[in-house]
Amino acid sequence: MSRVQNVIVGTARSALSWVPAQWLPGGTPDPLIGRHGEIGRQASRIDGEIKVRGEARFAAEVAMDGLCYATLVHSTIARGRIARLDSTAAETAPGVLLVVTHRNMPKVASPSLVSMSDPTAVGNSDLPILQDDRVHYNGQVVAAVVAATQEQADHAATLIAIDYEAAQAETRFGQAKSGARIIPSLLIERNHLSFGKAERELARAPHRVDNLYRTQWQNHNAIELHALTAAWVGDRLTVHDTTQMIAGEAAALAKAFGIPRDQVQVLSPFVGGGFGGKGMWDHQIVAVAAARMVGRPLRLQLSRESVYRIVGGRSATEQRVAIGADADGCFTALLHDGWSVMPPYGACPEAYTLGTRSAYRAKSFEILQRHIDIAVVPNTFMRAPGEAIGTFALESAVDELAHNLAMDPVELRLRNMPDKHPITGAPFSQHAQDQAWRDGAARFGWEQRAAKPGTRREGEWRIGMGCGGGSFPYVRMPGAAVRLTVRRDGTATLACSGQEMGMGTATVVVQQVADRLGLPLSAVTVEIGDSALPAAPMAGGSSQTVSIAAAVLAAAEKLPAELLRLAGNSSPLSGLRAGEVRMEGEGLASASEPARRETFRAILSRANLEEVSVTASGTPPLEMLKFAMHSTAAMFCELRVSDVTGEIRVDRLLGSFDCGTILNPRTAASQFRGGMIMGLGLALTEETLLDERSGRIMNPTLADYHVPVHMDVPQIDVIWTDIPDPRSPLGARGIGEIGITGIAGAVANAVFNATGKRVRDLPITLDKLL
Amino acid sequence: MTIRINGTDYDPPEDARVSLLDLLRDRLQLTGTKVGCNQGACGACTVLIDGRRVLSCLTLAAQADGRKVTTIEGLGADGLHPLQAAFLEHDGLQCGYCTPGQICAAAAMLVEAEAGMPSYVTADLTAPVTLSRDEVRERMSGNLCRCGAHNGIVDAILSVAQERAA
Amino acid sequence: MTPVTYLRADSSAAAIALGAADGHRLLGGGTNLIDLMRKGVEQPAVLVDVSGLAAPITEAADGSLVIGAAARNSDVAAHPLVRARYPMLARAILAGASAQIRNMATVGGNLMQRTRCVYFADAAGSRCNKRVPGSGCDALGGFTRYHAILGASPACIATHPSDMAVALVALDARLHLAGADGVRSVALANFHQLPGDSPEVETMLAPGEMILAVELPPVQPMRSTYRKVRDRASYAFALVSVAAGIVVEDGRIADVRIAVGGVAAKPWRAARAEASLRDGPASVEAFVQAAQAELAQADPLPGNAFKVQLAERTLVAVLTDLAGGDA
């Protein structure tokens, strides 16, 4: 992201701030807001039954004739070159069809790095893929073996002998800090923000905290492994992949392999968990190239170790948060800066300071992120990149300040709630985090918290309560397109290349189409997961549902004109214009004379047509620039810490959310809980062990990387304000990532409340409490 | 000998390295059984051998020779198994990938508990087992879920356990 | 995984005959061996499956319990006599791994499992004296959270990961080992070897020998338990675990058995702690003193120094708990 972008975004924001909201495209609130329909009901997952039956076919489960299997070989040094590579034994091993190395890999340009401005730029790394003998990080792909069976490929991969000529590599976070660089912008926000004289305000504040917080390397660990099944027929490519960016991947593959976009089809109807990790990495390029070389359909299912080696996770960070407050606890200074990793060949800035900009009112702000370069697999976006760990530092600091002030931590937060964006002054589209705090505190029984740490005890267990605020920005991606089809049999289908990773996207799409068209749920189907369909944006930034919703809205606005044209003169609707009708009761009706109506069936029957389709795209997401739009949350945690062992057991967790309209309480609650559980892992158990001597990840297994198990997960209560956001489609904001924000802070603060010990580095393992 | 999978007999593979998991998924297209780690660390590949829950990734197909294997496809062969229905009812899934393993593990777990097999959290090792929430959590801890459907999974299992006890 | 031949042994005699050859390995539940074969750490040419051998759990005339080596971990934990007489063993088994793995793993295989040191497991990228004797140890100076604080050597700092074995050692279990030359009985406490200069030698099993059975001598009724401390609430290896049993008579400790897991290349019988307690008062002070006496031998590393304190505290807490009102 460039300085130029800062100027463009800044200028657009400034211009839009003068434009009345209703003049913006889609500037009047969505008419579905507040209407009682399928939206807001507990529709069951439309794909639930085939999933519990094991019938949903994932990417590595597509049967093909003549399928062959591939395995990757990874570097064991961090930087240098391959001095010798002997693949003779592998090539002659039973079943082996091909060994791919830099010596025979076709020339393929790596996909461009992920960019908000170019939907085809979906690369997580722009390092060459098997194009030369260079090694840039420990674990990089250096060869691939293709064989008739997976067992044969796996074995042959171990027979490739490689000697490396190692070069000096920086693999230590601490050492690399001195060479940190400062990039101009974080996603679409300016990196360095200086508002008021924060250091000076801090120095003279009567109350202040100023501490360093550290967070660990993490990996997504979706249970489904990265896998694709790729098949070439001539110059046509079909790829069954597990991906969060179907349309982008199709475009990127077309570009990389020099074929027209319409000759690539990427299919991904089900994704077995993504969390930011199921993007474009080296393996898709290697597999597609190898399939072409070997002339057979090919499957590459990464081993769990391979996933760790070539799919980056969340960067470790070191963050400083300082807060100055006056005698009443009002913030006079808020400073947040620090270091995270972003190699020059990576795309993710791990924007842990973004949330801090809008979380609290303060007289002055000083915010800056520095990025360091170490030789590692490029880190990437992982569920609430930035916010998940930024809120740990910020919400710990607020708790520390509350303790110093002898003030209730919820009260301190309420006292500093902003009523507009604290830095830009932009109005909130809707913001009721204060209500979320109050509702949450009441429901959780926050008043039972002992103000003095270390005073509640049951046997060997010390008990504590903590809270933390969460936030995640509203994002709507530009360019989402959908095709809406209404049929003579009274059914409708919404088609787009969207991604279903378990969020409930497909279910919620069906609900809103039913409401938009006035159809029962049972009459609506959805087609997603196919790049041949109109292009939806990637699933990221908690943006997919509103991005698709805006396109559905646009399509639903186009449909009446089409239907009226078809209805003709003998229809009761004859003479009405599109603006004068509504879709309801399975057809069109005059807005002013509801008796004048005709069903879709009748219109299409008379026109002797099987179906009518419209394709439409959502309006540009200008609301993001005009308004401050954030999902927010208040998280509460009660836990026990063993006095003997330092073990922590979380007994209760409550998330209180303000995220606009909740479209489906059942799937939304699951999303919230899921984020919160991943937050427990961040707080307590998870860490990717990067050996800083070698730059090698030492725990590339699910046995040694501890994601929370059932026994770690308490019953989790979730509530929400359900106040619609008047500026967003359906009144909704994102809910996929907000759940993980604020949790680590709430847990750390509860640990402090239980023990009086402040742990500022994650994960909070028992040794830190002995 | 043959491996009987969901009532049908299959020959064991010629390559002794083939795991039961890869036999199911790659050779027999029984892809309801999932692969999450191939390291015995996630439970996604859980199947029943002679009624007991095991990890098919660490079981060589040859070891299943002469035994009866039940996969998710076999569990719900006659309509939805009560656990499958309960997982839907309690939203015990999101992406659905760990789900077949969770359901197979739960099916065997209910039988284990009914047979009085204790767990690490059972207070009295010699008393009959009552499936509390903690008992279910401990007994299901071999099945990882990354989407975070844990609450729904435990609720689903408890509801079926209560039905069976009634 | 290298190509392998699979054979099934239909008797222990056949297993001994088949398993004796070079490159042949006995296969129990496979929960560790198959994983290590996939990682390239183990590369047997022939697997001799002994998991189907008869695995009776029988009570001998003298009241001892003999458990066939092929008995599944879960069957041992569920056995009424084990639950009633050896609760510490039942709990230790139930603390290990997951239900699926306990259903697969055999008693013999559990004792023969290899360390979970991540450098040992990384055949492609790390040096390990246990895997390749003389190659060096990358764990030293690396991540040592799960490594030994007792009995380690400059050659190897790995720990033995079994929970079951910790309880078995505390219970004075003996192993029946069978080879071409017949059957011998050894104390489990002597079975696993400390690394010294040859960490590749892990047990006293001679080439061609196999574990036939585990024998638990009769115990007088005692309060006993197993407590495992780990990085998540279930399904994780022990940082530290304690198996302990105690008999208190008139305020004095008539019998005590303690073993510690997660701290050494073998299940660590806490002989010094036991000696310090035997015939003494059942008091918290005595427990602290005993724990300290045991851990005085500890030689921790920068990454696992906390385990000394953790082991001490866990020992004291477990003993205090067991002594109950008598402490």
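Trainee: Which helices of chain B are on the side that touches chain A?
Mentor: α1 (20–27), α2, α3 (82–89), α4 (99–114), α5 (133–139) and α6 (150–165) each supply at least two residues. α6(B) gives the most, with five residues. Helices here are DSSP runs (H or I, at least four residues), and strands are E runs of at least two; both are numbered from the N terminus.

Trainee: And what kinds of residues make up that side of chain B?
Mentor: They divide into 23 nonpolar, 18 polar and 16 charged. Ala, Val, Leu, Ile, Met, Phe, Trp, Tyr, Cys and Pro count as nonpolar, Asp, Glu, Lys and Arg as charged, and the others, Gly among them, as polar.

Trainee: Where do these numbers come from?
Mentor: This is a predicted model: local features need pLDDT of at least 70, side-chain atom pairs count only at pLDDT 80 or more, and totals for chains, interfaces and linings use all residues. Residues are numbered from 1 along each chain as its sequence is written, chains are lettered from A and ligands numbered from 1 in the order in which they are written, and side-chain values use heavy atoms, with hydrogens and water left out.

Trainee: How many residues are in contact between chain B and chain A?
Mentor: 57 residues of chain B are in contact with 62 residues of chain A. Contact means heavy atoms within 4.5 Å.

Trainee: What area is buried there?
Mentor: About 4500 Å², with carbon and sulfur atoms giving 53%. Buried area is the accessible area (1.4 Å probe) that two parts lose on being put together, summed over both. Gln94(B), Arg137(B) and Arg146(B) supply 19% of what chain B buries against chain A, more than any other three residues.

Trainee: How many salt bridges cross that interface?
Mentor: Six. A salt bridge needs a side-chain nitrogen of Lys or Arg within 4 Å of a carboxyl oxygen of Asp or Glu. Arg25(B) and Glu61(A) meet in a salt bridge at 2.8 Å, N to O.

Trainee: New topic. Is Arg299(A) buried or exposed?
Mentor: Arg299(A) counts as buried because its relative accessible area is 4%. Buried means under 20%, exposed over 50%, partly exposed in between (1.4 Å probe, protein chains only). Arg299(A) sits in strand β14 (residues 298–301) of chain A.

Trainee: What does its side chain reach?
Mentor: The backbone oxygen of Val62(A), at 2.5 Å. The side chain of Arg299(A) also makes a polar contact with the side chain of Thr229(A), at 3.1 Å. Leaving aside neighbours within four places in sequence, the contacts of Arg299(A) include Glu61(A), Tyr69(A) and Asp26(B).

Trainee: Back to chain B. What domains does it have?
Mentor: The domain assignment gives domain 1 (3–75) and domain 2 (82–165). Such bounds come from an automatic or database assignment. The contact takes 15 residues from domain 1 of chain B and 16 from domain 2 of chain B.

Trainee: How many salt bridges are between those two domains?
Mentor: One. The side chains of Glu112(B) and Arg53(B) meet in a salt bridge at 2.8 Å, N to O.

Key:
Polar contact = N/O pair within 3.5 Å; in protein donor to acceptor, adjacent residues only side chain to side chain.
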